[in-house]
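Hi,

Here is the model I promised to pass on. Have a look at it first, and my notes follow below.

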Amino acid sequence: MGHAFDAIIIGAGQAGPSLAGRLTAAGMSVLIVERKLFGGTCVNTGCMPTKTMVASAYAAHLARRGADYGVVIEQPVRVDMKRVRQRADTVSFNARTGVETWLRGMRNCTVVEGHARFAGAHTLAVDGVLFQAPRIFINVGGRANIPDMPGIRDVDYLTNTTMMQLDTLPRHLVVIGGSYIGLEFAQMYRRFGAQVTVVEKGPRLVGREDADVSEAIRTILENEGIACRLDANCIAFKRHADGTEVHLDCDSGARNVAGSHVLLAIGRRPNTDDLGLDKAGIETDERGYIKVDDFLATTAEGVWALGDCNGQGAFTHTAYNDYEIVAANLLDGESRKVSDRVPAYALYIDPPLGRAGMSETQARATGRPILVSKRPMSRVGRAVEKDETQGFMKIVADAQTQQILGAAILGTSGDEAIHGIIDAMSAGVGYPALKWAVPVHPTVSELIPTVLGDLAAPVPT
């Protein structure tokens with residue numbers, strides 16, 4: 001019959017450990033299975049190590065600008081890539097060790113390392129040992145997507161994971177993919193001192209954003225010396241004396257670019273292809289994401305999917321919210337749903353982009369009457385004082401209901417200031433209530449009431 005538990009969690013990423021804590025506190029026996037690294041993508045190859053490296057890149061950038069602030073650095077700024085990697089490794093190691101120690105010390109929680117596969121509706125096999133539970137939670141995360149592009153199997157390439165293993169500076173980094181992950185690495189390595197080219201198949205960077213946001217991001221990157229090659233509609237690879245030659249077939253500019261290193265940043269795919277989901281009656285969509293309902297239940301009774309593998313959000317904060325939803329519904333008698341949360345995320349270039357809700361483009365597409373307000377960061381006192389005035393703030397609202405529909409804050413502290421919008425949207429507070437807030441000066445957030453006060457009907461497109 002195998003070993004029996006009240007609940008089994010597959011994966012120790014963002015949602016799994018916290019869920020184990022709630023379930024064991026409720027008196028359940030829990031098995032958590034991790035096949036590789038405790039903490040998941042965020043701790044090991046995502047948020048924590050990359051933002052540690054972003055901080056190092058920002059320090060190098062600021063040091064080079066020291067004279068602008070009256071700080072004179074007599075010698076050229078030098079970046080120690082081994083030290084940069086060591087900082088990132090230390091942050092990841094400490095977080096990973098903390099998660100594992102917490103789980104192994106958790107009462108009523110059993111930790112098993114290995115590859116879990118379904119052997120039946122509520123039975124898992126881990127390296128030949130069977131485990132059973134009436135409740136199973138899948139939290140297996142995702143990995144870099146590697147499209148079958150011409151020549152890709154003939155050359156060396158990096159992903160967001162293997163980039164973390166570099167401790168030397170690429171001479172010329174070619175980033176394939178002009179979206180969130182790719183742009184963070186592009187600016188980071190440019191600030192470390194590498195030549196960087198971003199190759200994007202679409203007509204603009206971060207195509208899901210409004211055109212003015214995309215264009216402003218491109219300007220920020222190009223001002224730092226990053227080459228952006230757009231409309232690269234025939235990307236192919238072959239070996240080159242300098243490393244790898246990338247064929248672009250762009251409408252303008254050279255049709256080839258040779259780089260010492262190539263980073264593939266072309267989206268993510270879920271780690272669901274080797275779990276034996278079919279043996280449990282768990283359905284996936286055409287991209288491999290596990291199908292879930294608004295309560296994160298799969299098509300199999302008593303099985304839930306949380307985090308990146310369910311296609312409901314590819315972020316640490318959405319994975320954690322998945323845990324909150326499942327725990328609240330199972331243990332607290334609530335009825336929380338995925339559709340209740342406000343979509344929000346950030347792009348961690350410098351300055352960062354904070355996003356919440358709909359873009360202006362999406363709001364216009366609904367056909368409802370909307371109001372829009374936009375203010376350049378050059379008119380934000382805090383940005384002027386820091387001499388970091390690139391970007392703008394933009395808020396979109398419903399003209400009839402007075403609800404905020406979305407916002408984009410591309411500028412210094414944009415990833416923090418956006419939370420004033422997220423909180424208001426989550427609380428269902430109409431924008432007039434925020435117009436009379438008295439925020440702290442001098443901050444970026446203090447301009448939110450001012451921007452809301454300038455809301456007006458947008459110019460027709």
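First, a quick one: does G177 count as buried or exposed? G177 counts as buried because its relative accessibility is 11%, where buried means under 20% relative accessible area, exposed over 50% and partly exposed in between (1.4 Å probe, protein chains only).

Before the rest, some housekeeping. This is a predicted model, so local features need pLDDT of at least 70 and side-chain atom pairs count only at pLDDT 80 or more, while totals for chains, interfaces and linings use all residues. Residues are numbered from 1 along each chain as its sequence is written, and side-chain values use heavy atoms, with hydrogens and water left out.

Back to G177. You'll find G177 in the loop between β10 (172–176) and α6; helices (H or I, at least four residues) and strands (E, at least two) are DSSP runs, numbered from the N terminus. Apart from neighbours within four places in sequence, G177 is in contact (heavy atoms within 4.5 Å) with G182, V198, V199, E200 and A265.

Next, the cavities. The whole structure has three of 30 Å³ or more. On a 1 Å grid over the protein atoms alone, a cavity is a set of points where a 1.4 Å probe fits but cannot get out, and lining residues have an atom within 4 Å of a point. Grid points are joined across faces, edges and corners, and a volume is the space filled by probe spheres set on the points.

- The largest cavity has a volume of about 60 Å³. Its lining has 13 residues, with D210, S359, E360, K394 and A408 nearest the centre. β22 (392–398) and β23 (404–410) are the elements that give two or more residues to this lining.
- The second largest cavity holds about 40 Å³. Among its lining residues are V54, E184, R191 and Y348. Both α3 (47–64) and α6 (180–192) supply at least two residues, and α6 gives the most, with four.

Last, the cysteines. The search finds zero disulfides, a disulfide being a pair of cysteine sulfur atoms within 2.5 Å. C47 is in none, although the nearest cysteine sulfur, that of C42, is 3.4 Å away. C47 counts as partly exposed because its relative accessibility is 31%. C309 is buried, at 0% relative accessible area, and its sulfur is too far for a bond because the closest cysteine sulfur, in C42, is 16 Å away.

Cheers

Terms used:
1 Å grid on protein atoms, 1.4 Å probe; cavity = no way out; pocket = protein on both sides within 12 Å on 5 of 7 lines; lining within 4 Å.
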